[in-house]
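Here's a walk through one model, from its annotated spans to its helices and ring pairs. Have the sequence and the 3D view open as you read.

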Amino acid sequence: MKVQGKMFFWLSIFILAMAVVYGVWSKEPAGTTALFLAFGLAIMIGFYLGFTARRVDTGAQDNKEADVADDAGELGFFSPHSWQPLALGIGGAIAFLGIAVGWWLLYFAAPIILIGIWGWVFEYYRGENRTQ
């Protein structure tokens, strides 16, 4: 994590320099503001990664003598099948369509989104996947 923290710190310095150059050269407030906000985001992420790296064990990416196999292992649990992202995608598409067509479409999108969220949260509390 130390490497990623340093990368974000260097990225934030680059973005700050580009924000200053862009702001002086273009005198355009929207792009300059966006670049300064991107600087703030990069510095926050870099600080978080650096702060966290001091409190966790050294990873394989921090060891210069490490091999690729040293970082191998279980990455986590991934659901083998789930219909809930489809429901959330359809509900989100209808909700965004409601912005263009009419706000009344949100009455149809909200139940679909809520059903998708409910199903995703409680997916492994019922049915055949209960023991996973």
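For "transmembrane region", UniProt lists residues 7-25, 31-51 and 88-121, in an unreviewed entry. UniProt positions are given here in the numbering used throughout, feature names are shortened, and annotations may be inferred rather than shown by experiment. Residues 7-25 come out as 100% helix and 0% strand, with end C-alpha atoms 27 Å apart. Residues 31-51 are also 100% helix and 0% strand, and their end C-alpha atoms lie 30 Å apart.

A word on the ground rules: this is a predicted model, where local features need pLDDT of at least 70 and side-chain atom pairs count only at pLDDT 80 or more, while totals for chains, interfaces and linings use all residues. Residues are numbered from 1 along each chain as its sequence is written, and side-chain values use heavy atoms, with hydrogens and water left out. Helices are DSSP runs (H or I, at least four residues), numbered from the N terminus.

The domain assignment, which is automatic or taken from a database, gives domain 1 (1-58) and domain 2 (83-122). Their C-alpha centres sit 34 Å apart.

Now for helix 3 (residues 84-101). Its 18 residues should span 26 Å at 1.5 Å a residue, and the end C-alpha atoms are 25 Å apart, which agrees; the expected span is 1.5 Å times one less than the number of residues. Which residues of helix 3 are buried? They're Q84, G91, G92, A95 and G98, where buried means under 20% relative accessible area, exposed over 50% and partly exposed in between (1.4 Å probe, protein chains only). These residues cover an arc of only 110° around the axis, which puts them on the same side of helix 3; the arc is that of the directions from the helix axis to the C-beta atoms. They pack against helix 4 (106-121), with contact meaning heavy atoms within 4.5 Å. The face turned away from the buried side carries exposed F96, A100 and V101.

Next, the rings. Phe, Tyr and Trp rings (six-membered ring for Trp) pair if their centres lie within 6.5 Å; planes under 30 degrees apart are stacked, over 60 edge-to-face, the rest tilted. The count comes to four aromatic pairs, including these:

| Pair | Centre to centre | Between planes | Class |
|---|---|---|---|
| F47 and F51 | 5.8 Å | 25° | stacked |
| W118 and F122 | 4.6 Å | 50° | tilted |

F47 and F51 are four residues apart in helix 2 (residues 29-53), so about one helical turn separates them. F51 is partly exposed at 34% relative accessibility. W118 is exposed at 57%, and F122 is partly exposed at 31%. Ring pairs also link W118, F122 and Y125 into a cluster.

Terms used:
Helices (H or I, at least four residues) and strands (E, at least two) are DSSP runs, numbered from the N terminus.
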